[in-house]
Amino acid sequence: MIKIILQIEILLLIISLIGCGEDNTEKSTPNEDPKELVTTTPSRVVVTTSHSIQDAINKLSKSGGTLFLKAGIYKINSGIHINRSNVSIIGEQGVIIKLKNGVNQPVILIGTDIATPTNANLIENISISNLEINGNQLAQTSEIDPARPHIRNNGIDIRRVNNLWIDNVDIHNARSGGIVASWKSSNIFISKIKTHDNYFDGIALYDSRNIIVSNFISNNNDHGAGISLDNKLKNITFSNGIIQRNSDVGIFVRDSNNILFSSIVIDNNGNHGVFMSHNDNDPATTGVNNILFTGCSFTNNAGSGLQLKSLSSNKNAVTGSLFNNNKDGCIIYDKSSLSEGANICYN
C-alpha cells in the first residue's frame with residue numbers, strides 16, 4: 001500500500017512540473033498594436049499654482065480629460081487656450097486666474113483662434129466651473145491681441161463651440177467683454193455667473209443659438225451694456241438675473257430672434273434699460289422678432305425703461321413687468337410690433 005501511494009505522489013509531481021512549463025501569458029492578437037494599449041498621458045490632473053494650466057491642458061490624453069485646480073492665484077503670462085474637445089476645468093474655492101501685465105490676450109479662449117472659423121474647427125463638450133477670472137484691464141494696453149487682431153481680449157471668449165457648460169464663475173476687469181460667444185456657437189449653458197467691471201459688455205452673444213443663461217449678475221461694466229445680443233442670434237433664454245449700473249444700456253438687442261427674458265431686474269443703467277433696433281446697413285432684415293420680457297422690472301434707468309426703434313421688428317411683447325422712475329418714460333416704440341399686457345408704469 002505504501003508503495004502505491006508513493007507512486008501516485010511521484011505521478012502527481014511529474015504532472016505539476018509539466019504544467020509549470022506552459023506559457024499562460026495573454027498574447028496580443030495580430031491586429032493589436034502594443035503602443036496603442038499604453039496610455040502615456042493622463043485624463044485627470046491636479047494642478048497647483050506651481051504648474052502651468054496650459055501645459056496641463058496640452059498633456060491631457062487625446063480623448064480629453066479634467067483639470068482640478070487647487071486654491072490659489074494663478075498669474076498667467078499668456079491666455080489659456082482650450083482648442084480641443086472633452087475638456088473640463090474645475091476649481092477649488094479660492095481659485096483666481098489673473099493675466100499678468102501687458103499680456104493683451106483673452107484670459108480663457110475656448111475654440112479656434114483662426115480669423116474665420118468653420119465646422120472643421122468645431123470643438124465640443126467643454127466645462128468650466130468654480131473660478132474667478134481677472135483680466136487685469138488697467139495693466140493691459142490693447143483691446144485686441146496684437147498677434148491675432150481678430151481676437152478680442154475678453155474674460156472668456158467662445159468661438160465655434162458646441163456643448164459648453166459654465167458654472168459659478170466670476171469674470172471681471174477684462175480689457176474687452178466679460179463673456180462673449182460667437183461664430184455659430186451652440187448649446188451653451190451658463191449659470192451662477194458674475195460679470196462686472198469689464199471695459200465693454202458684461203455678456204455678449206453673437207451669431208449663435210440655443211443658449212441658456214440663469215442666475216446671473218452683470219453690473220458696473222465700464223463702457224458697454226450689461227448684455228449685448230446681435231448678428232443672427234436666436235433661441236436664447238435669460239432668467240433670474242440682475243443687470244445694474246452699466247455705463248450704457250442694460251440690454252442691447254439687434255438682429256435677433258426668439259429671445260426670452262424672465263424675472264430680470266434692469267436697474268440704474270446709464271442709458272435705456274433695454275434698447276432694441278436693427279442694423280442701419282440692412283434695416284429690412286436685421287430687426288428683432290419674437291422677443292419676450294415677462295416678470296421683469298425696469299427701474300431708475302437714465303433713458304426709457306424699454307425702447308424699440310425698428311420698422312422691421314415683429315411679434316415682440318412685454319408682460320407682467322414693472323416700470324418705475326425711468327427718466328424718459330416706461331415703454332417707447334414707433335410703429336413696430338410690440339404687445340403689452342399687465343404691466344405697471346409709475347413714470
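This is a predicted model: local features need pLDDT of at least 70, side-chain atom pairs count only at pLDDT 80 or more; totals for chains, interfaces and linings use all residues.

Biologist: How many disulfides does a search of the whole structure find?
Modeller: The cut-off is 2.5 Å between the sulfur atoms. With that rule, the search of the whole structure gives a count of 1.

Biologist: Which residues does the disulfide join?
Modeller: Its S to S distance is 1.6 Å, and the two cysteines are C330 and C345. They sit in distant parts of the chain, 15 residues apart. C330 is in the loop between β26 (322–324) and β27 (331–333), while its partner is in strand β29 (residues 344–345). So the pair, within the 2.5 Å cut-off, is C330 and C345.

Biologist: Is the disulfide right-handed or left-handed?
Modeller: Look at the torsion about the S-S bond of C330 and C345, which is about 80°. That value makes the disulfide right-handed.

Biologist: And is C345 buried, partly exposed or exposed?
Modeller: Buried means under 20% relative accessible area, and exposed means over 50%. C330 comes out at 9%, so C330 is buried. C345 has 43%, so C345 counts as partly exposed.

Biologist: Let's zoom out. How many strands does the chain have?
Modeller: The chain has 347 residues, and 48% of them count as buried. Among contacts with a separation of 6 or more, 62% are between residues 24 or more positions apart. As for the elements, there are 2 helices, and the number of strands is 29.

Biologist: Which element gives the largest share of the lining of the largest pocket?
Modeller: That pocket has a volume of about 280 Å³. It is lined by 17 residues, and the closest to its centre are R152, N154, D157, V180 and Y206. The elements giving two or more residues are β10 (148–152), β11 (156–159), β13 (179–182) and β15 (203–206). The largest share, 3 residues, comes from β10.

Biologist: By class, how many charged residues are in that lining?
Modeller: Sorting the lining of the largest pocket by class gives 7 nonpolar and 5 polar residues. The charged count is 5.

Biologist: Which side chain does S176 meet in a polar contact of 3.3 Å?
Modeller: S176 lies in the loop between β12 (161–172) and β13. At 5% relative accessibility, S176 counts as buried. Leaving out residues up to four places away in sequence, S176 touches E143, R152, N153, N154, N198, Y199 and F200. The 3.3 Å polar contact between side chains is with N154.

Biologist: What separates the C-alpha atoms of T118 and R160?
Modeller: T118 is in the loop between β7 (108–111) and β8 (123–134), and R160 is in the loop between β11 and β12. T118 is partly exposed at 38% relative accessibility, whereas R160 is buried at 9%. They are 42 residues apart along the chain, and the C-alpha separation is 7.5 Å.

Biologist: I also want to check the backbone. What is the phi of D207?
Modeller: R160 is not a glycine, but it has a positive phi of about 55°. D207, in the loop between β15 and β16 (209–219), is buried at 16% relative accessible area. D207 is not a glycine either, and its phi is positive, at about 45°.

Biologist: Last stop, N269. Which backbone nitrogen does its side chain reach at 3.0 Å?
Modeller: N269 lies in the loop between β20 (256–267) and β21 (274–277), and at 2% relative accessibility it counts as buried. Setting aside neighbours within four places in sequence, its contacts include I243, Q244, R245 and N246. A polar atom of the N269 side chain is 3.4 Å from the backbone nitrogen of R245. The backbone nitrogen reached at 3.0 Å belongs to N246.

Biologist: And how far apart are the C-alpha atoms of N269 and R245?
Modeller: Along the chain, N269 and R245 are 24 residues apart. Contact means heavy atoms within 4.5 Å, and R245 is among the residues in contact with N269. Their C-alpha atoms are separated by 4.5 Å.

Methods. Residues are numbered from 1 along each chain as its sequence is written. Side-chain values use heavy atoms; hydrogens and water are left out. Helices (H or I, at least four residues) and strands (E, at least two) are DSSP runs, numbered from the N terminus. Buried means under 20% relative accessible area, exposed over 50%, partly exposed in between (1.4 Å probe, protein chains only). On a 1 Å grid over the protein atoms alone, a cavity is a set of points where a 1.4 Å probe fits but cannot get out, and a pocket is an open set with protein on both sides within 12 Å along at least five of seven lines; lining residues have an atom within 4 Å of a point. Grid points are joined across faces, edges and corners, and a volume is the space filled by probe spheres set on the points. Ala, Val, Leu, Ile, Met, Phe, Trp, Tyr, Cys and Pro count as nonpolar, Asp, Glu, Lys and Arg as charged, and the others, Gly among them, as polar. A polar contact is a pair of N or O atoms within 3.5 Å; within protein, one must be able to donate a hydrogen and the other to accept it, and residues adjacent in sequence count only if both atoms are side-chain atoms.
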